[in-house]
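Have the structure open as you read.

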Amino acid sequence: MTQQELTALAKQAAERAYAPYSHFRVGAALECSDGTVFTGCNVENAAYGLAICAERTAMVKAVSEGHRDFSRIGIYCADAEDFGMPCGQCRQFMAEFSLDMEVIVGRPDGEVLVRTVRDLLPYAFTPADLPT
Ligand code: THU
């Protein structure tokens with residue numbers, strides 16, 4: 001799958017966002033090493049602090065279906081003109097599973113920005129930092 005195809009899936013997922021408070025619709029498409037793709041959207045709540053981001057929705061869906069080996073994640077913000085970068089919580093959540101995962105952020109003009117999780121979260125705290 002091309003980078004554009006992955007961000008296109010993220011764009012479709014953004015259409016399913018439940019964002020009645022921020023009106024900021026985000027979608028994610030998480031590709032596992034075996035090629036399986038899990039999509040996610042942001043899901044907000046009247047208790048605002050309970051909102052979950054699109055990226056974490058996709059990762060939780062994958063883990064709960066037995067997938068932990070992530071290779072790439074496409075992200076698309078339907079209501080942003082520029083790249084909508086993943087928040088700090090989502091970067092930390094990604095780092096739990098892979099610092100090498102590619103983060104591919106799409107923009108309405110079709111441009112993509114590609115970075116690794118390691119790029120986006122330098123000096124990350126990971127499971128390797130915990131005593132065994
Ligand atoms: N949001 C995401 O889904 N992903 C991010 O990485 C940044 C923020 C969502 C959370 C909330 O529903 C809305 O965007 C506004 O912050």
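What follows looks at the ligand, its neighbours and the pocket.

This is a predicted model, in which local features need pLDDT of at least 70, side-chain atom pairs count only at pLDDT 80 or more, and totals for chains, interfaces and linings use all residues. Residues are numbered from 1 along each chain as its sequence is written, and side-chain values use heavy atoms, leaving out hydrogens and water.

Around the ligand you will find S22, F24, V26, N42, E44, C53, A54, E55, M85, P86 and C87, each with a heavy atom within 4 Å of it. This shell divides into seven nonpolar, two polar and two charged residues.

Now turn to the polar contacts (pairs of N or O atoms within 3.5 Å). A ligand oxygen is 2.5 Å from a side-chain N or O atom of E44; for E55 the distance is 2.8 Å, and for N42 it is 2.9 Å. Taken alone, the ligand exposes 370 Å², of which the protein buries 78% (Shrake-Rupley method, 1.4 Å probe).

The ligand sits in the largest pocket, meaning that more than half of its atoms lie within 2 Å of the pocket's grid points. A pocket here is an open set of points on a 1 Å grid where a 1.4 Å probe fits, with protein on both sides within 12 Å along at least five of seven lines; lining residues have an atom within 4 Å of a point. The largest pocket has a volume of about 200 Å³, the space filled by probe spheres set on the points. Of its 15 lining residues, F24, V26, N42, C53 and E55 are the closest to the centre.

Methods: Polar contact = N/O pair within 3.5 Å; in protein donor to acceptor, adjacent residues only side chain to side chain. Nonpolar A, V, L, I, M, F, W, Y, C, P; charged D, E, K, R; others polar.
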